[in-house]
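Me: I would like to learn how to read the features of a protein model. Could you take me through one?

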Amino acid sequence: MGLNIPAVVAANCRKTPECAAWLDGLPRTLAAVGRRWSLTVGTPFDNEEVSCAWVAPVALSDGTSAVLKLGMPHMEADHEVHGLRFWDGDPTVRLLEADDDLGAMLLERCQPGTALRAMPEPEQDLVISGLLRRIWRLPPAPHPFRPLSRLMKYWSEETLADVERWPDTGLVREGLRLFEELARHAPTEVLLATDLHAGNVLRSERKPWLVIDPKPFVGDPAYDVTQHLFNCDVRLRSDPDGMIRRMADLLDIGHERIRLWTFARAAAEPRDDWKNEGWIQIARATTP
């Protein structure tokens, strides 16, 4: 292809014909947006956080440093551009330009760009909780954002298609039931990031920390806590109740709904490897 593609992105693109076609067309897309926005493109980022997009540092014609993100077709991230427009730099990176049809975004570059993951996890808890409080706003109607129940339905269909690989049918069935119940009966609804964890929070000059890669849905704020929990999996497995209660206290929301969402995701979220004992361990430790 004559283009450097991160290995994880290439592997994910092989999973569906739609993503494979996107990958084949990536050089043309890059050339088109490079001309349109007068970009000098650098070497793409290639780390454990880059999995569903081609992302690279770029220089604008006036020398300003930015980031170009070309996202592969991905149901969860369909409204990332709309979310970035809504949050408008608080607490996310700013959207400088976008082409919705091409899935292309020109983004504010975080400098120095150190990921929050480099900090001790108890400090991550404080930063994540502060960012979530700023994320959780409800956009005025009409808006384009889908309800969280849509994501839960999508996940449930994928999990049901793997029924022969389930390691514990009872746990998975209960997780699927909670996907529907929790999403449908939320005590309050806000715009969620849904993928806010320490790898998606970067040190910046404009603000101490900025959020990247939101996947917005409207729904229960308790759900939004779970991604951080799963990214602290050793702590979560060793003391699930303690960690869940800590985040609930920091955010002033009920710990029981966080626990139920944590159980549901650990038990029933679709995955490539249903033999991974870590997921089942968390599900059993948080079971209703």
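Predicted model: local features only at pLDDT ≥ 70, side-chain atom pairs only at ≥ 80, totals over all residues.

Me: What is the strand order of the open sheet of five strands?

Reply: Strands of a sheet pair through backbone hydrogen bonds, either parallel or antiparallel. Here the order is S1-S2-S3-S5-S4, with antiparallel pairing. Strands (E, at least two residues) and helices (H or I, at least four) are DSSP runs numbered from the N terminus, and two strands pair if DSSP finds at least two bridges between them.

Me: Which strands stand at the edges?

Reply: Strand S1 (40-41) and strand S4 (95-99) do; each has a single partner strand, so one side of each lacks a neighbour in the sheet. Helix H3 (residues 26-36) packs on the sheet, touching S1, S2, S3, S4 and strand S5 (104-108). Contact means heavy atoms within 4.5 Å.

Me: How many bridges join S3 and S5?

Reply: Five, in the antiparallel sense, with Val 67 opposite Leu 107 in S5. S4 and S5 pair over four bridges and form a hairpin with four residues between them. In that turn, Gly 103 has a positive phi of about 65 degrees.

Me: How many residues of S5 are buried?

Reply: Buried means under 20% relative accessible area, calculated with a 1.4 Å probe on protein chains only. Five of the five residues of S5 are buried, so this strand is largely enclosed by the rest of the structure.

Me: How much space lies in the largest cavity?

Reply: A cavity is a set of points on a 1 Å grid over the protein atoms alone where a 1.4 Å probe fits but cannot get out, and lining residues have an atom within 4 Å of a point. The structure holds one cavity of 30 Å³ or more, and about 40 Å³ of space lies in the largest cavity. Its lining includes Pro 147, Leu 182 and Asp 220.

Me: Is Arg 265 buried or exposed?

Reply: Arg 265, found in helix H12 (residues 255-268), counts as buried at 3% relative accessibility. Beyond its neighbours within four places in sequence, Arg 265 has contacts including Trp 155, Tyr 223 and Trp 279.

Notes:
Residues numbered from 1 in each chain as written. Heavy atoms only, no water. Axes fitted to C-alpha atoms, helices over the stretch in contact; angles between N-to-C directions. 1 Å grid on protein atoms, 1.4 Å probe; cavity = no way out; pocket = protein on both sides within 12 Å on 5 of 7 lines; lining within 4 Å. Points joined across faces, edges and corners; volume = space filled by probe spheres on them. Buried < 20%, exposed > 50% of the residue type's maximum accessible area, 1.4 Å probe, protein only.
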